[in-house]
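Visitor: I'd like to walk through this one with you, starting with the aromatic side chains. Could you put it up?

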There are 2 protein chains.
Amino acid sequence: MQGQGMSLSAAEKLRVVRALDALGVAFIEAGFPASNPKEAELFALLAEVELETAVICAFGMTRRRGLDAAADPGLATLVASAAPVCTLVGKTWGLHIEKVTRVSREENLAMISDSVSFCRAHDKRVIYDAEHFFDAYREHPGYALECLGAAVSAGAENVTLCDTNGSSLPQQVATATADAVAALGDGAVVGIHTHNDAECGVANSLAGVEAGARLVQGTLNGRGERCGNANLVSVLPALQLKLGYSCVAPERLGLLTETSHLFDELTNITPDADQPYVGRNAFAHKGGMHVAGIQADSRTFEHVDPAQVGNGREVLISELAGRGSIAQRARELGVDLGPAGAARAVEQIKQREHRGYHYEVADASFELLLRREAGQYKPLFRLESFRVIVEKRADGQVETEATIKIWVGGRRFVRTAEGSGPVNALDRALREAIGELHPELARIELADYKVRILDSHQGTGSVTRVLLDTSDGQASWGSIGVSENIIEASWEALVDSLEYAFQPRTAAVRNE
Amino acid sequence: MQGQGMSLSAAEKLRVVRALDALGVAFIEAGFPASNPKEAELFALLAEVELETAVICAFGMTRRRGLDAAADPGLATLVASAAPVCTLVGKTWGLHIEKVTRVSREENLAMISDSVSFCRAHDKRVIYDAEHFFDAYREHPGYALECLGAAVSAGAENVTLCDTNGSSLPQQVATATADAVAALGDGAVVGIHTHNDAECGVANSLAGVEAGARLVQGTLNGRGERCGNANLVSVLPALQLKLGYSCVAPERLGLLTETSHLFDELTNITPDADQPYVGRNAFAHKGGMHVAGIQADSRTFEHVDPAQVGNGREVLISELAGRGSIAQRARELGVDLGPAGAARAVEQIKQREHRGYHYEVADASFELLLRREAGQYKPLFRLESFRVIVEKRADGQVETEATIKIWVGGRRFVRTAEGSGPVNALDRALREAIGELHPELARIELADYKVRILDSHQGTGSVTRVLLDTSDGQASWGSIGVSENIIEASWEALVDSLEYAFQPRTAAVRNE
């Protein structure tokens, strides 16, 4: 979350935690348990969650200089959290000890040792993150290794070598890691934590593992401060498919593409089409020779089988869009498409995805699309027209109102509402009009509203995609709208979100 | 140019050629001299250009099977071009020879040998690109090396080992390259050509050089098919600043950031803010400790000196920003805050960041904030009022118009404009009103428009943050607006983006 402009709520972070757990990672470092109320809320939520493969780590620093570990408020917060593992970061580099923390080398060793011991005494497992290890090793290998030794002697089960400034190249990582692994012997597992400042984040992680490291710390899609961290989405398939390590179950590796995209969607970043393994172009083939080669033997032009990482060979056709899988999805939803309906639905989806729709996160709009093709769609109302006015007056006041004219069950409703913004005003006006006949609408609330500008190089003239999350207090569903006009895109998603709730369906399917 | 959706005119390619030459590269591969009229035009233009450091290569393939080299139309075009160097690509991998070209191993060797000889006989220097070399070497090292030998015996001065499918990892590249270098001895220079499918394109190039390769083939910003090629913008500084190779003169390396951005601008790709060495975030520092460390010794938090690659140090403005760094930023911008002004600015920033502003990516809004506190702010106009109407009619048509009433230099302007959406309409109306007095406005374009909903769990009632990127064709700047109302947030960012361009400042600061 240290990448520029990244922000997730505690509930969204919980979705990421579940996705990482499904992918099969060993540890999830969830931040400092109380750096702000949002983090505290996250750790409270995490205490209630049951995970299949992952263990939660709380992140903190070694104690302050000249302070008893027991008196350090940061360490107290750390051991008070429900997380079974503490990741402690501390110094190893003379330059930092001298110019940043300004303590003696002995005091730095004591800071490491005391902090690890304190966490161990509170029954925490400890991972020691050796900050700037590779810079430190290049200047004074002896002292750098001494810092690792202090952590292990005090009870750390793992020391992770961090290339904090991203300065190192793979050969340097290989040499230093091999030396650390040899120095620690069976005392502790060695981990590797690299950054991408030299565009070697992934290669450095692999070099660390080849030299004996057995834990890789990285991030989804390599997001992180400056140029990012080691990209786990590329490290994982290289370890498993190219170097023969068994990191996660093969079927979990098949979730890689989906997990990568989910994270970008949540953080409102456009997924990189050229991203290795999971990008839309990663297995895109041009020209007849490539296609013929692939048909003869996929190894001619593909370095791994795209299915192993949950990606596909074809461009612009989403995972949903095969006719077979559409028909199957429809059956699961209780929608009877038939072969012709399935073909039409596939065609619709292709066309719409080309225009910027994206059904992976919009289950409600997807179901409505299937229902329309199956003739099982029931409109909630018929729109005659709407009008939204936003006015900023001379005194600086902004006023927003929406007027809506609709037909419901043969009756015409004209309603006007004010709102905090244009979409809020439209939502209120629509609810006033429909709410008279459908009082149960009051239960349904918009939970989340996301806007993305597609092809944003064209400034304010580009296409807008709106994603809505809606909830009735029990289930929740997503809808989508796409238009050049943000108001119309929002309207489309709004209508889908309400109509979805009123479709006739069996209770079993409804709460699935 | 094989990246998806990339397209440049011959004249634009010539700008890239000049920029690469200024950067100091040794060879520029300009494509096949006649694959289409645009390529033919480019080679005609190139024949007239005098370059300082670079030599132009024409790219082609070995002769077709069963054909005399002299009868091959592709080779004829190649030797007819004015380029002094021919890059010939040919097969080395049994799998391809068997399943794609379907020739015998002997015929493949003859295709290499004949084609190189033919180009040499026409006084061309020859680089032989050994396609799929690393896959080939892993299966049959003997035959792969035999192919290289055939090229060298026929007169190729350089054989470049290509990881065409991007399948290899650095250790594999190191081993195979060392073997090829040993096998060829003094017969030819070895080159390395890698792709980024395993996110190791840069590391693989470096591994090749460390194993003895002396030519790196790559692209600006790593653009290329699928996941891209080796990124020269990262390979070059690593070779020169980290591994001690002398590739280009130091002052030429200082053009790296500018060259990287120029290429993205020409191909209409938003430069990646997180790009190693040249990205806006590559040397961005958050928080007081980092800033203090940098001031004590830049090596504490920076892997190279940003000035060496033509980048700058960006100190991020955030809740953590102290009064000292605000004052320093102001001085850099030529804004005279004074101690009281600095205190007021810090207070403003804190309050605004609490409400959702985020100045890290909005340098223009940040400067305007400082200017207001320093009394060095010049408004572009005074708003009387605006009104935006979005109407969806009974026939499904959507109409959007904005009316704006402003005062500029004592004159009142009332203008109405239609747009593809509400913000587009507002932008147009504002430009019509101001453009009469400020025709230079036409140069300024909105380059990117981003919307984020903060605390988005409250549905459409939540706070909207709009980020705009604006460009005058040379420099670009970011502005921000925050409001419950998306229209007002957009308006705020829009006004900042234009006012920033018109603030009185010295040329030195402006183009810094």
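Visitor: How many aromatic pairs are there over all chains?
Guide: This is a predicted model, and a search of the whole structure finds 12 aromatic pairs over all chains. Among them is the pair of Phe133(B) and Tyr137(B), which is tilted, with 5.9 Å from centre to centre and 35° between the planes.

Visitor: Where do Phe133(B) and Tyr137(B) lie in chain B?
Guide: Both are in helix H6 of chain B, which covers residues 133–139, and they are four residues apart, about one turn of the helix.

Visitor: And are they buried or exposed, starting with Phe133(B)?
Guide: Phe133(B) counts as buried, with a relative accessibility of 0%, and Tyr137(B) also counts as buried, at 14%, since the cut-off for buried is under 20% relative accessible area.

Visitor: What about the rings of Trp477(B) and Tyr500(B), how are they arranged?
Guide: Their centres are 5.2 Å apart and their planes meet at 40°, so this pair is tilted. The pair links distant parts of the chain, with Trp477(B) in strand E15 (residues 476–483) of chain B and Tyr500(B) in helix H18 (residues 486–501) of chain B, 23 residues apart. Both Trp477(B) and Tyr500(B) are buried.

Visitor: OK, over to chain A. Which residues do ring pairs link into a cluster there?
Guide: The cluster is made up of Phe133(A), Phe134(A) and Tyr137(A), which are linked by ring pairs.

Visitor: Which arginine lies over the face of Tyr377(A)?
Guide: That is Arg372(A), at 4.4 Å from the ring centre of Tyr377(A). In chain B, Arg352(B) lies over the face of Tyr357(B), at 4.7 Å from the ring centre.

Visitor: Changing topic, how many disulfides does the structure hold?
Guide: Over all chains it holds zero disulfides. Cys147(B), for instance, is in no disulfide, and the nearest cysteine sulfur, that of Cys162(B), is 12 Å away, whereas a disulfide would need the two sulfur atoms within 2.5 Å. Cys162(B) is likewise in no disulfide, its nearest cysteine sulfur being that of Cys147(B).

Visitor: Is Cys147(B) buried or exposed?
Guide: Cys147(B) is buried, with a relative accessible area of 0%, and Cys162(B) counts as buried too, at 3% relative accessibility.

Technical notes
Residues are numbered from 1 along each chain as its sequence is written. Chains are lettered from A and ligands numbered from 1 in the order in which they are written. This is a predicted model: local features need pLDDT of at least 70, side-chain atom pairs count only at pLDDT 80 or more; totals for chains, interfaces and linings use all residues. Side-chain values use heavy atoms; hydrogens and water are left out. Buried means under 20% relative accessible area, exposed over 50%, partly exposed in between (1.4 Å probe, protein chains only). Rings of Phe, Tyr and Trp (its six-membered ring) pair if their centres lie within 6.5 Å; planes under 30 degrees apart count as stacked, over 60 as edge-to-face and the rest as tilted. Helices (H or I, at least four residues) and strands (E, at least two) are DSSP runs, numbered from the N terminus. A charge sits over a ring if NZ of Lys or CZ of Arg is within 6 Å of the ring centre and within 35 degrees of the ring normal.
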